[in-house]
Amino acid sequence: MWSYEKRLQFPVNIKEPNAKLAQVIISQFGGPDGEMAASMRYLSQRYSMPYREVAGLLTDIGVSVSKLHILDLSRCSGSFGFRSFKIFQ
Amino acid sequence: MGSNKEQLLRDIGIVDFVLTELTLYLDTHPFDCHAMEYFNHYNRIKHQMEKEFSMKYFPLNTRMAESSKEWRWGMAPLPWEGECG
């Protein structure tokens with residue numbers, strides 16, 4: 001089902017490696033409340049979504065979220081959370 | 001030369017951002033002709049840029065991986081190796 005592109009969504013230029021910061025970022029990505037878990041929720045909840053167009057939307061959002069290898073994490077999770085909140089209202 | 005590669009990748013990223021957001025909008029507004037025109041326009045541009053990049057540097061996806069002497073897709077840098085933007 002997936003295909004991917006060999007490029008980043010946003011250019012990254014790490015000037016100063018920072019292990020402590022990396023630890024925070026990796027947990028935001030793969031941790032218990034991370035983007036990876038969120039994307040899996042989007043991609044499994046879509047199967048029981050009663051509105052067809054929203055099931056499609058959940059698929060597209062789930063894919064975008066799983067693509068966030070580099071990110072301003074708090075901003076991304078914030079906007080995606082807001083988006084899904086709006087849908088389910 | 002090197003900056004052109006980076007510039008092209010950057011431009012692709014910008015257009016792709018537009019397309020990603022438009023996709024989500026169109027998912028819930030499937031009959032918005034104006035938005036579809038917008039989508040088609042940027043989709044064409046992105047396709048063109050991807051083709052240009054793939055011919056000059058390395059294939060960005062497997063659909064553009066046509067190779068003869070060496071498997072260009074496999075030889076291309078991986079996204080986390082620092083050469084993909």
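Which pattern does chain B follow when read along the sequence? Chain B follows the pattern α-α-α, and its secondary structure amounts to three helices and zero strands. Helices here are DSSP runs (H or I) of at least four residues, and strands are runs (E) of at least two, numbered from the N terminus. This is a predicted model, in which local features need pLDDT of at least 70 and side-chain atom pairs count only at pLDDT 80 or more, while totals for chains, interfaces and linings use all residues. Residues are numbered from 1 along each chain as its sequence is written, and chains are lettered from A and ligands numbered from 1 in the order in which they are written.

Chain A has four helices and zero strands, and from the N terminus on its elements run α-α-α-α. Of its 89 residues, 13% are buried, a term for residues with 20 or more other C-beta atoms within 10 Å of their own, where 12 or fewer makes a residue exposed, values in between make it partly exposed, and C-beta atoms are placed from the backbone. In helix H2 of chain A (residues 35–45), the buried residues are Glu35(A), Ala38(A) and Tyr42(A). They lie on the same side of H2(A) because they cover an arc of only 60° around the axis, the arc being that of the directions from the helix axis to the C-beta atoms.

The largest nonpolar core consists of six residues: Ala38(A), Tyr42(A), Leu57(A), Leu58(A), Ile61(A) and Val65(A). Such a core is a set of buried Ala, Val, Leu, Ile, Met, Phe, Trp, Tyr and Cys residues joined through C-beta atoms within 7 Å. The elements giving two or more residues to this core are H2 and helix H3 (52–66) of chain A, and H3(A) gives the most, with four residues. A second, separate core of five residues includes Leu9(B), Val15(B), Phe53(B) and Leu60(B).

As for its dimensions, chain B has a radius of gyration of 15 Å, whereas a compact globule of 85 residues would have one near 12 Å; the radius is taken over C-alpha atoms, and the globule rule is 2.2 Å times the number of residues to the power 0.38. The C-alpha atoms of chain B fill a box of roughly 45 × 25 × 20 Å along the principal axes.

Finally, the two chains meet: 19 residues of chain B are in contact with 15 residues of chain A, contact requiring C-beta atoms, placed from the backbone, within 7 Å.
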